[in-house]
Amino acid sequence: MFCIRGCGRRVAASLTKQHLASVRFGGDSAAPWTPHFDVVVIGGGHAGTEAAAAAARCGSRTLLLTHRVDTIGQMSCNPSFGGIGKGHLMREVDALDGLCSRICDQSGIHYKVLNRRKGPAVWGLRAQIDRKLYKQNMQKEILNTPRLTIQEGAVEDLILTEPEPEHTGKYRVSGVVLADGSTIYAESVVLTTGTFLRGMIVIGLEMHPAGRLGDQPSIGLAQTLEKLGFVVGRLKTGTPPRIAKESVNFSILNKQTPDNPSIPFSFINQTVWIKPEDQLPCYLTHTNPRVDEIVLENLHLNCHVKETTRGPRYCPSIESKVLRFPNRVHQVWLEPEGMDSDLIYPQGLSVTLPAELQEKMITCIRGLENAKMVQPGYGVQYDYMDPRQISPSLETHLVQRLFFAGQINGTTGYEEAAAQGVIAGINASLRVRHKPPFVISRTEGYIGVLIDDLTTLGTNEPYRMFTSRAEFRLSLRPDNADSRLTFRGYKEAGCVSQQRYERASWMKSSLEEGISMLKSIEFLSTKWKTLIPESSISSGKSLPLRALDVLKYEEVDMELLARAVPEPLKKYTQCRELAERLKIEATRNKGSSAR
Amino acid sequence: MWRGLWTLVSRAARGPHSPRPCTRQGSRYPGPGSGATIFALSSGQGRCGIAVIRTSGPASGHALRSLTAPRDLPPARKACLRLLSDPRSGEPLDRALVLWFPGPQSFTGEDCTEFHVHGGPAVVSGVLQALGSVPGLRPAEAGEFTRRAFAHGKLSLTEVEGLADLIHAETEAQRRQALRQLDGELGDLCRGWAETLTKALAHVEAYIDFSEDDNLEEGVLDQGGSPWGWEVEISGIQRPQVLLLSLSFPPSTADSEVRKLEVALGVHLRDARRGQRLRSGAHVVVAGPPNAGKSSLVNLLSRKPVSIVSPEPGTTRDVLETPVDLAGFPALLSDTAGLREGVGPVEQEGVRRAQKRLEQADLILAVLDATDLASPASCNFLDTVVIPAGAGNPSGNSQRLLLVLNKSDLLPAGCSDPHPDLPSHLLLSCLTGEGLDGLLEALKKELAALCGDPSTGPLLTRSRHQHHLQGCLDALGQYKQARDLALAAEALRVARGHLSRLTGGGGTEEILDIIFRDFCVGK
């Protein structure tokens, strides 16, 4: 299952060395010992793992190529998954049987649903994740996926052939060339290189090439793409310093506790792996004018901030916050990095000052007076491909069977990457089998909104999902992602397991049955008031009211309703998810309103 | 070395696509057949002194050079005299004024040319054929120049409508209104409203997307001018408390903005159909008992024999309509059958139609015979039509009535007002024309009230405008009743959608721009 291949001795002609016209490789001319896969995925990050697993689920013999197997599933920035909009994406990835939601249900250390009071359409499932556990669980999952091979290697070049005449595109990709010169043939290639394309790490005035702290960037591949004629842009992002846990004075800070009970990310899980009382808290502190001073006094030592490259507006470094919104106090969340980790992630403190100034700045902050900085914050600048060069299936217009997913398309965030990964993996596999592409529309899911925005509007800052981007927000809820996508994924893409399909079918029929049951139960409002005295049903006028209408009242849930009418409603409260979804569906149900 | 390369690369990345389209509409629907160069005769058909032929599109310059060879392009936006000749045969066509408008400073925003040729049909068709022979040029479809101007953001939808109205304006007041609309007054008003809504929506959206996930920063809200209670969040304490504070939704700023907008929209909707009346003409119905002289009045006002006039009662049996220009306002004048009972079935049908038309009238011209006020038909008409309209709600119902006593020439001389007990009325003689000036003055006043004075402010000239404003108002009503914040935001989105459909445009990117401008969102 797990194979790390040695160095091949063959040297392939490479685009970076020769004129393109002279490079002609055909699948048939491949030497018999040359490895050949249906789908080759380059990159083992959040897009790459989802793409590789999705392609394998769809039945393709898949190879995942990564610089280092031990960094597969690494969370290189924040120790959390989900949130508002992002949680929606995770639910959709899960509905297509993707990995990240299930892994998060096994690796979280602080589960919390945001926006609880703002309506079910904008609930944001979120969790602090144990980095180590996530990586372990993800590697276990990936290494045990049937039809999926993992190999270490740096891809330097693509092998190109004549395009298929029935499709658009100037070339067709038919394999990759590794740094050691060996070649691997593939029917489809998915590129998920994250920040590695000409990645540069910036701390203070120092810049050095790296995809991630301690990892080599991909320069050859970036040059190949540029030579092929892809329009390339440059983006930047950053990450905060890490602080030693035992050096923080938590006792004077405000504590946030997780939800009880925890709501799992995945549709197939009823619970998460850890009890609420065993979960870890987060703490809140704030910046102060002294932090502003340090930032402003040292702008000349900070070349990341001076660069004109676009960074995200919504996840700004502390420098941009101080510059754009001066004289304000900014929040800093102190988040645990893991169950047994001795590190704290100060969310909101992304910074690229020279390391010693970072430490100085940290110690100005309340609760961090004696804090020890274990690793400095840094900025990353990297190449991305203008996403208007890819189709909604994530295949490039220019090179047939070449797919892009993740930060290479100008997005930011684990969840955005995972969402694209699933779609790219599915489509890479469908393409090999000559099946029509699997495209999600804006009306069907946040994944559709994400890909449609990217492929039609492009982006000039790292793109992140928000619920406000979705026109059909009221229908694209986290609770109903399975009914929107699981059946399509099962029938059209073949990426959904039988078990999940059956679970979604059961949920669908239970919901339909439950709604019609609720419609069939009808009492006078006075009787409802006696049955459910907690409700605000007006007993002034005596009107017939269906159970479905009663459920629309904010304070009424299935639990209360089933207590009032145990037969036949009791059975619908046995599954927490079903009871909650019935309540949501009732509220959404048009017709005689409760108010 | 890399730095230099990146600048080049990122410039290249921006190059072909910039400027980035700011609305979804802009990016998705680039106007039909854009890319081709279109040409058409832009002045009226037929023999005339000068005819204007226009082209628009990338090949405009090439077309101009082809027809004026060997001369080069004239200076931009300067009229120049050139000999036009057929590019295929070299045969001279006409000596004409040509104008060169390089885009984007042109009507359509594309490269445009104008040929002011002599207006003979042979010259016009010769130049059109010559243009048709230039590669890349094709005849324009109806409205295509304007459509391209809209697609390139040169005109908003209401401005396009204003332009169409200006072209079709027949009366003074119509022209004034169309010009004001073309100048973008209605569009500006709607855009102002839409901006208010976008801002309110941005605040609600920021609250949904960022208040808990990214701990939207409190101080920024002072700048954004919306104290939703984040001040408390800072002195206070932890995320659960933020939740409690959020209970005081909808955020007060958005709320008060919405209330203000509701009032403004209400005022404009109460304007009701004034702009539309001005555009398509007010319905003026001439009614009265038989033989009062209604048809004579219609003929007098329209200055042509629309209706047959005879001394015999019941001459007019159907409703006769004629569009007229009354004191600068457009009106649709209807002559109706005299109202009486107990006559033959044909006339009875005429009476039924007259009554139906009376119900729809914007203004009733009630005509009575000054010498026959005591007859049962006159009394009945006074009781059933004149008195109810006069006593009726003067403000709410916009149905207005002018009482005219005809045949004043038959009254005894020296008797200035023989009927002081009647509601206010005008004396007129259709025969001599006496009293006509007074009637026209009174009509002008009534029509000005009905159609609105275009010089006082933008009016809603089409039912489309009214429909969307009403839709917007209804959605704002939903906003106030919304059960949760997501539903409240949806109501605002619907409301904003209605406004942006008035002028075109309105994408989600605008909302995000406001959020990021006003709030320090960030982990």
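Mentor: One definition before we start: an angle of 65 to 115 degrees between axes counts as roughly perpendicular. Also keep in mind that this is a predicted model.

Trainee: OK. At what angle do α10(A) and α11(A) pack?
Mentor: About 90°, with the axes 10 Å apart. The two helices, residues 414–432 and 446–457 of chain A, are therefore roughly perpendicular to each other.

Trainee: Which residues make the contact?
Mentor: From α10(A), A:Glu416, A:Ala419, A:Gln420 and A:Ile423. From α11(A), A:Ile447, A:Leu450, A:Ile451 and A:Leu454.

Trainee: What is A:Glu416 in contact with, leaving aside neighbours within four places in sequence?
Mentor: A:Lys86, A:Leu89, A:Thr411, A:Leu450, A:Tyr463, A:Arg464 and A:Met465. A:Leu450 also belongs to the α10(A)–α11(A) contact.

Trainee: And how far apart in space are A:Glu416 and A:Val39?
Mentor: 21 Å, C-alpha to C-alpha. In sequence they are 377 residues apart.

Trainee: Staying in chain A, what about α1(A)? How many of its residues are buried?
Mentor: 12 of the 12, so α1(A) is largely enclosed by the rest of the structure. The buried set includes A:His46, A:Glu50 and A:Arg57.

Trainee: What span should α1(A) have?
Mentor: 16 Å, at 1.5 Å a residue for residues 46–57. Its end C-alpha atoms are 16 Å apart, which agrees.

Trainee: What comes after the helix?
Mentor: A:Gly59 follows α1(A), with a positive phi near 105°.

Trainee: Switching to chain B. How many helices and strands?
Mentor: 20 helices and 12 strands. Of the 523 residues in chain B, 50% are buried. Take the contacts in chain B with a separation of 6 or more: 65% come from residues 24 or more positions apart.

Trainee: Let's look at α17(B). Which residues are buried?
Mentor: B:Leu436, B:Leu439, B:Ala442, B:Leu443, B:Glu446, B:Leu447, B:Leu450 and B:Cys451. They cover an arc of only 150° around the axis, which puts them on the same side of α17(B).

Trainee: Which exposed residues are on the face turned away?
Mentor: B:Asp437 and B:Lys445.

Trainee: How far apart are the end C-alpha atoms of α17(B)?
Mentor: 22 Å. The 16 residues, 436–451, should span 22 Å, which agrees. B:Gly452 follows the helix, and its phi is positive, near 80°.

Trainee: What does B:Leu301 touch?
Mentor: Not counting residues up to four places away in sequence, B:Val324, B:Leu326, B:Leu333, B:Leu365, B:Leu436, B:Leu439, B:Leu440 and B:Leu443. Among the buried residues of α17(B) are B:Leu436, B:Leu439 and B:Leu443.

Trainee: Where does B:Leu301 lie?
Mentor: In helix α14 of chain B, residues 294–302. B:Leu301 is buried, with a relative accessible area of 4%.

Trainee: Last topic, cysteines. How many disulfides over all chains?
Mentor: 0. For A:Cys282, the nearest cysteine sulfur is that of A:Cys104, 14 Å away. A disulfide needs the sulfurs within 2.5 Å.

Trainee: Is A:Cys282 buried or exposed?
Mentor: Buried, with a relative accessible area of 0%. B:Cys48 is partly exposed, at 33%.

Methods. Residues are numbered from 1 along each chain as its sequence is written. Chains are lettered from A and ligands numbered from 1 in the order in which they are written. This is a predicted model: local features need pLDDT of at least 70, side-chain atom pairs count only at pLDDT 80 or more; totals for chains, interfaces and linings use all residues. Side-chain values use heavy atoms; hydrogens and water are left out. Buried means under 20% relative accessible area, exposed over 50%, partly exposed in between (1.4 Å probe, protein chains only). Helices (H or I, at least four residues) and strands (E, at least two) are DSSP runs, numbered from the N terminus. The expected span of a helix is 1.5 Å times one less than its number of residues. The arc is that of the directions from the helix axis to the C-beta atoms. Axes are lines fitted to C-alpha atoms, for helices over the stretch in contact, and angles run from 0 to 180 degrees between N-to-C directions. Angles under 35 degrees count as roughly parallel, over 145 as roughly antiparallel, 65 to 115 as roughly perpendicular and the rest as oblique. Contact means heavy atoms within 4.5 Å.
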